[in-house]
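Student: Please take a close look at the aromatic pairing in this model, ring by ring. I would also like to know how it sits within the rest of the chain, with the cut-off behind each term you use.

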Amino acid sequence: MGMWASLDAMWEMPAEKRIFGAVLLFSWTVYLWESFLAQRQRRIYKTTTHVPPELGQIMDSETFEKSRLYQLDKSTFSFWSGLYSEIEGTLILLFGGIPYLWRLSGRFCGYAGFGPEYEITQSLVFLLLATLFSALTGLPWSLYNTFVIEEKHGFNQQTLGFFMKDAVKKFVVTQCILLPVSSLLLYIIKIGGDYFFIYAWLFTLVVSLVLVTIYADYIAPLFDKFTPLPEGKLKQEIEVMAKSIDFPLTKVYVVEGSKRSSHSNAYFYGFFKNKRIVLFDTLLEEYSVLSKDILEESGMEPRKDGEGDSEEIKAKVKNKKQGCKNEEVLAVLGHELGHWKLGHTVKNIIISQVLSFCLTVLSRRFEFQADAFAKKLGKAKDLYSALIKLNKDNLGFPVSDWLFSMWHYSHPPLLERLQALENSKQD
């Protein structure tokens with residue numbers, strides 16, 4: 001009765017207060033739902049202290065415990081950072097933070113000679129101040145996550161100086177993209193008439209496609225170094241595999257992700273006949289800067305590009321990862337190329353314009369399909385071992401609460417993917 005009485009009282013309020021109350025109610029409802037799901041998964045981390053029997057052959061107890069503690073620490077951090085974010089947002093709404101920032105933006109515009117009629121200019125100043133506030137309040141959390149949690153579990157490869165320089169660079173690049181795009185979007189809304197929402201949607205879709213196209217070539221290199229994969233057996237085998245499925249590969253890059261973290265990844269990008277593949281150096285057994293032994297055996301020397309890499313490499317040796325063999329790298333790429341061959345990239349762009357939950361559900365299905373595609377390429381056995389190795393290197397926890405997994409995980413849990421590959425490992 002109390003809840004219904006509160007809702008009845010809310011509907012008796014003036015319209016603006018009803019909207020205000022509805023926004024707060026929706027925000028806290030979403031937060032409490034997310035917290036409920038997180039608590040279910042956190043219970044899994046706490047109670048699953050031994051390797052499940054079905055994982056006994058693929059994961060040792062030491063790795064299992066490391067991943068459990070890592071995910072437990074991340075879960076604790078996520079709880080407190082999420083609670084802070086929700087309280088911060090609520091206080092901003094209750095104490096009129098947004099109207100105050102808008103008035104402050106107007107005063108700044110007035111100092112520069114722009115009157116109230118320059119609402120787009122004032123909106124851009126508002127966005128600049130809002131993103132600056134968000135960056136500053138989020139900085140302590142980002143520092144803690146990087147230099148406490150990631151450092152504790154052997155993933156952080158950054159110095160404080162590199163981190164701060166990177167943060168400033170990210171903020172500047174973000175503003176260089178956000179402000180011009182926002183000004184055009186606001187102008188479209190201003191002149192769009194009754195159908196402004198259609199024009200605005202089309203504009204945001206075009207901008208998304210353009211950013212996807214130029215990101216890897218013009219934005220990502222501002223933060224990380226991309227170098228062509230050296231000539232050799234791995235590159236030849238990648239080119240052969242790409243040609244076998246008519247993938248229009250033009251270049252293969254290695255990105256120096258190890259300057260930030262020892263997590264591994266691989267991806268492809270580009271439209272039409274200009275596709276590129278990017279491999280993280282942490283993924284490659286013979287190119288990873290995390291392994292001193294491999295560097296010495298291959299005769300490679302740490303680079304000196306003004307960033308102090310040689311000193312960083314010395315610090316990274318203690319956290320070196322195993323890396324993947326060429327066959328396992330090819331199997332991972334076979335999975336990624338499966339996403340392209342099966343049209344998942346385009347489908348994801350279309351679905352992302354509708355519902356995020358539908359995208360998560362569909363993405364999980366796509367992952368199984370991409371695994372199956374790699375299996376058809378004869379990579380089932382190598383993909384099986386690569387998934388285990390990547391899960392180990394990234395301290396992924398293989399046990400998940402079903403509801404948490406369904407809501408959050410765009411990639412199926414490791415055990416489900418391995419079971420799908422198990423029957424044809426020997427193909």
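Tutor: I will begin with the model as a whole, go through the aromatic rings, and then turn to other parts of the chain.

The model is a predicted one, in which local features need pLDDT of at least 70 and side-chain atom pairs count only at pLDDT 80 or more, while totals for chains, interfaces and linings use all residues. Residues are numbered from 1 along each chain as its sequence is written, and side-chain values use heavy atoms, with hydrogens and water left out.

The chain contains 16 helices and 4 strands, where helices (H or I, at least four residues) and strands (E, at least two) are DSSP runs, numbered from the N terminus. Of its 427 residues, 39% count as buried; buried means under 20% relative accessible area, exposed over 50%, and partly exposed in between, with a 1.4 Å probe and protein chains only. When contacts (heavy atoms within 4.5 Å) are taken between residues at least 6 apart in sequence, 75% of them join residues at least 24 apart.

Turning to the rings, the structure holds 16 aromatic pairs. Rings of Phe, Tyr and Trp (its six-membered ring) pair if their centres lie within 6.5 Å, and planes under 30 degrees apart are called stacked, over 60 edge-to-face, and the rest tilted. One of the pairs joins Trp-102 and Phe-126, and because the ring centres are 6.0 Å apart and the planes stand at 65 degrees, this pair is edge-to-face. Trp-102 belongs to helix 4 (residues 97-111) and Phe-126 to helix 5 (residues 119-152), so the pair ties together parts that lie 24 residues apart in sequence. Trp-102 itself is partly exposed, at a relative accessible area of 34%.

Phe-108 and Tyr-111 form an edge-to-face pair too, because their centres are 6.4 Å apart and their planes meet at 70 degrees. These two residues are 3 apart in helix 4, and so about one helical turn separates them. Phe-108 is partly exposed at 39% relative accessibility, whereas Tyr-111, at 67%, is exposed. Elsewhere, Phe-77, Tyr-84, Trp-141 and Tyr-144 come together as one aromatic cluster.

Helix 5, which carries Phe-126, is also the place of Thr-131. Thr-131 is partly exposed, with a relative accessible area of 23%, and, leaving aside residues up to four places away in sequence, it touches Phe-171, Gln-175 and Leu-178. Although 47 residues separate Thr-131 and Leu-178 in sequence, their C-alpha atoms are 10.0 Å apart in space.

Next comes the nonpolar packing. A nonpolar core is a set of buried Ala, Val, Leu, Ile, Met, Phe, Trp, Tyr and Cys residues joined through side-chain atoms within 4.5 Å. The largest such core has 24 residues, of which Leu-229, Ile-238, Ile-277, Leu-279, Val-329 and Leu-333 touch the most other members. Helix 8, strand 2, strand 3 (266-269), strand 4 (275-280), helix 11 (326-341) and helix 14 (380-393) each give two or more residues to this core, and the largest share, 5 residues, is that of helix 11. Val-329 makes contact with Leu-234, Leu-279, Leu-283, Leu-284 and Cys-324, again without counting residues up to four places away in sequence. A second, separate core has 10 residues, among them Ala-331, Ala-374, Leu-383 and Tyr-384.

Helix 14 also contains Asn-391, a residue that counts as buried at 13% relative accessibility. Beyond residues up to four places away in sequence, Asn-391 touches Met-59, Gly-396, Phe-397 and Leu-414.

One backbone detail remains. Asp-246 sits in the loop between helix 8 (233-244) and strand 2 (249-255), and this residue is exposed, with a relative accessible area of 59%. Its phi is near 60 degrees, a positive value in a residue other than glycine. Most residues other than glycine have a negative phi.
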